[in-house]
Amino acid sequence: MTHTLLLYCLVFLLPTESCRTLYQAASKSKEKVPARPYGVCDGVCTDNSQCTQPCPPDTQGNMGFSCRKKTWHKITDTCRTLNAVNIFEEDSHLVQPFEDNIKISVYTGKSETISDMLLQKCPTDLSCVIRGIQQSPRIPGNIAIIVQLLHNISTALWTGVDEEKMRSYSTIANHILNSKSISNWTFIPDRNSSYILLHSVNSFARRLFIDKYPVDIPDVFIHTMGTTISGDNIGKNFTFSMRVNDTSNEITGRVLISRDELWKVPSPSQVISIAFPTIGAILEASLLENVTINGLVLSVILPKELKRISLIFEKISKSEERRTQCVGWHSVENRWDQQACKMIQENSQQAVCKCRPSKLFTSFSILMSPHILESLILTYITYIGLGISICSLILCLSIEVLVWSQVTKTEITYLRHVCIVNIAATLLMADVWFIVASFLSGPITHHKGCVAATFFVHLFYLSVFFWMFAKALLILYGIMIVFHTLPKSVLVASLFSVGYGCPLVIAAITVAATEPGKGYLRPEACWLNWDMTRALLAFVVPALAIVVVNLITVTLVIVKTQRPAISNSMFQEVRAIVRISKNIAILTPLLGLTWGFGVATVINDRSLAFHIIFSLLNAFQGFFILVFGTILDPKIREALKGRVTSAKRSSTISEKASSELSCHPIKGPS
């Protein structure tokens, strides 16, 4: 009825006071009507079904619900109390309630936004809406209205932004940046609202004119500082200390501009920095991103001549087990991006970042891994397993040396043992370099050492896979005789080309393509980067492709070995089944099928169980090679038994000779 009366006023152009009287009467009569139920869906809850319910009394809008697991969950909320009547301290115009597009219709028929009216009512300081906004509840609909208002103001005012306007603007933004409003950002239908707010504040601050005195506008949830600089300054820094939650604990953030950088700027120039303690959590809540901000968000507005700044972030969570990344907010792609910053130094208390401000990157912070998988169990499994693996590989190579001449009499056995020896040797080197990489404290303090260690770990682990691939080709050669016409020297050269040539090419291309842009290493460890350059794919893709090929090889082996000849007896069929079992038991570790469990850790990287299984299977890979590739080989056991028997026989003969010499001593000349 209220909307009908307002439409009646607009159509017939009734005087303002008459319309106001009708509007107030309609509002009072509306209060007497029993409120419809809200917050509850009447229909049956079936998965993926949705419903819409009205907002509570005295608010406009609606709430959207979705059914998941037989329960209604709120997904959107446009409930609002703000409109163009109550947002101003003085309501000189009659307007209809403020709609989603934030437009109002005055009695003259002209369509205006609330920002237009704001600039008409209080153009000098923008203060005429502060009281109405501060008295409004921080519900999703109101937040969306204020975000749009701030955006409209930032686009309408291109010049003339002084300290008073900036102070009013910050006060308005502070209201919806309150930590108590974070959960409500989740229900705003427009998921872009959070970064529209960040962009609007930065854009408005960019137009701030700083006179001869520095600007310092501290609010609880937004703090703006600005000053003028010149090339003769010895350096400049801004220090912020703000609360990040409802406790009294404060964290600090610092912006440092070096003297070398200040020399590049014309005199005078101005520098502005803004600190946000809650915008990171708001971005996470509204964009539903799986990232966690672990410090203040610092926006920096600089002259274009300044290319690099240092930022010091005190950590919110002081846990040493959580990984930290320096990031900048990409204003076009609307995401956190590591390319804007690099880590300079880090400890449990703070992180020091070197960042490159630009039109794309104005806001910076540090990200924290959302979960912890650096478990002590994984650490113990890894290092104990690597120790056993290294000892097993050394023993494996020693046995191969002892029995080499006895077990390599035929072409197929010679090639088979060439593969086994190289698999053991490359895995041994990979394990050694892995330990070296783990003892380096990280790319920050040992960058060159980390690059070298990562290159060799990448190279030798890839070599393990490609020698496993060569082993698979050799198995196909053994069961299908596809290379029968090739000479042994060609086969050996082919095996070495596959085992070492392919990994070397992949590893070299990876480091050459990513290291110049500092995208080769992870920020927190000596291993291939993922977030910036996806360098890790240079390991994952070949490894998983070889696993797939080896799975196909196992299938071919099973099919081939379970086909007995026509004249075979039942005994031979049983022996075929035994051979199948042995093939599976030997091929599974040797051909890297256990690395397939690594896929599970990628799909569900929060599962500690998957990581433990994967660590167990891979850390003990050397032990598997010793057992299944060497000890369980009948020919190797037979050769070892012959060596032992020969040694015993030699020992017995030596003892007899010594005994005879002692019983019949040689007499000298008399």
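User: The axes of α5 and helix α6 (residues 163-176) come within 10 Å and cross at roughly 155°. Why are α5 and α6 called roughly antiparallel to each other?

Analyst: This is a predicted model; local features need pLDDT of at least 70, side-chain atom pairs count only at pLDDT 80 or more, and totals for chains, interfaces and linings use all residues. Residues are numbered from 1 along each chain as its sequence is written, and side-chain values use heavy atoms, with hydrogens and water left out. Now the angle. Axes are lines fitted to C-alpha atoms, for helices over the stretch in contact, with angles from 0 to 180 degrees between N-to-C directions. Under 35 degrees is roughly parallel, over 145 roughly antiparallel, 65 to 115 roughly perpendicular, and the rest oblique. The α5/α6 angle is roughly 155°, so the pair counts as roughly antiparallel.

User: What is the hand of the crossing of α5 and α6, and which residues meet there?

Analyst: The crossing is left-handed: the near helix is turned anticlockwise from the far one by less than a right angle (clockwise would be right-handed). Contact means heavy atoms within 4.5 Å. From α5, Ile-143, Ile-146, Val-147, Leu-150, His-151, Ile-153 and Ser-154 take part; from α6, Tyr-169, Ile-172, Ala-173, His-175 and Ile-176. These divide into nine nonpolar, three polar and no charged. Nonpolar means Ala, Val, Leu, Ile, Met, Phe, Trp, Tyr, Cys and Pro; charged means Asp, Glu, Lys and Arg; the others, Gly among them, are polar.

User: Why is α12 called roughly parallel to α14?

Analyst: Helix α12 (residues 411-439) and helix α14 (residues 488-514) have axes that come within 11 Å and cross at roughly 20°. That is below the parallel cut-off, so α12 is roughly parallel to α14. Their crossing is right-handed. Among the residues that meet are Glu-411 and Tyr-414 in α12, and Lys-488 and Leu-491 in α14. By class the contact has nine nonpolar, two polar and two charged residues.

User: How do you know whether His-458 is buried or exposed?

Analyst: Buried means under 20% relative accessible area, exposed over 50%, and partly exposed in between (1.4 Å probe, protein chains only). His-458 has 0%, so it is buried. It lies in helix α13 (residues 447-480). Beyond neighbours within four places in sequence, its contacts are Ile-506, Ala-507, Thr-510, Trp-527, Leu-528, Ala-538 and Phe-539. His-458 and Ala-538 are 80 residues apart in sequence, yet 8.8 Å apart C-alpha to C-alpha.

User: Why is Asn-192 put in a class of its accessibility, and which class is it?

Analyst: Asn-192 has 31% relative accessibility, so it counts as partly exposed. It lies in the loop between α7 (182-185) and α8 (193-206).

User: What is the mean pLDDT, and where is pLDDT below 50?

Analyst: The mean pLDDT (the predictor's confidence in each residue, from 0 to 100) is 77. Over residues 1-37 it is below 50. It also stays under 50 over residues 90-111. Where pLDDT is low, the predicted coordinates should not be read in detail.

Terms used. Helix = DSSP H or I, 4+ residues; strand = E, 2+ residues; numbered from the N terminus.
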